[in-house]
Amino acid sequence: MNQDAIAKAAEIVRENSAHGSETGFGMCILSLIDEQGFPTASIVTPSRSDGIRWITFGTMLDQNRAKRAANCKRASVCFGTAEHCVNLVGDIEIITSDDAKRETWYEGLGHHFTGPDDPNYCVLKFTTRRYKFFLDYEEVAGTL
């Protein structure tokens, strides 16, 4: 069941990512630890993903997400509807390389940045360590 669940969860992530969906893109919740040690959650659009192994997000270097990721590398990502829940726990890092910024870029980011070369634009890369899914009325948990 785990491989089938992982494949289904990977499809949910892909369908909600800007670079993976044929119908547009969705959102997920990214949770980070704030400066006082409390979890904070924000709704974000995933840009790219490799199954459930990693997910990237475009964000601003001078805003809270990047500051929190720099302060604490632990994070969680959740995709959920009434039919499913894909909860991933892992590590997050800030990437500022030009190649990563161009690969992560999608049209919707143009509302916030001048382009992939905008100096305030960066990539947050989330790497999964463990997962917990609720799919097809079954709960599956494991580690990568």
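## Strand pairing around S7

Glycine 58 has valine 123 of S7 as its bridge partner; helices (H or I, at least four residues) and strands (E, at least two) are DSSP runs, numbered from the N terminus. This is a predicted model, in which local features need pLDDT of at least 70, side-chain atom pairs count only at pLDDT 80 or more, and totals for chains, interfaces and linings use all residues. Residues are numbered from 1 along each chain as its sequence is written, and side-chain values use heavy atoms, with hydrogens and water left out.

Strands S4 and S7 pair antiparallel over 7 bridges, where pairing requires that DSSP finds at least two bridges between two strands. S6 and S7 also run antiparallel, joined by 11 bridges. Valine 123 in S7 is the bridge partner of isoleucine 95.

## The S7–S8 hairpin

S7 pairs with strand S8 (residues 138-143) in the antiparallel sense over 6 bridges. Phenylalanine 134 has glutamate 139 in S8 as its bridge partner. The hairpin has 2 residues between the strands, and aspartate 136 takes a positive phi near 50°.

## Nonpolar cores

The largest nonpolar core has 26 residues, and those with the most contacts inside it are Leu30, Ile52, Phe57 and Phe133. Such a core is a set of buried Ala, Val, Leu, Ile, Met, Phe, Trp, Tyr and Cys residues joined through side-chain atoms within 4.5 Å; buried means under 20% relative accessible area (1.4 Å probe, protein chains only). The elements giving two or more residues to this core are helix H1 (2-15) and strands S1 (28-33), S4 (54-60), S5 (74-80), S6 (85-95) and S7 (121-135). H1 supplies the largest share, 6 residues. Apart from this core lies another, of 10 residues, including Ile95, Trp105, Leu109 and Phe113.

Conventions: Buried means under 20% relative accessible area, exposed over 50%, partly exposed in between (1.4 Å probe, protein chains only).
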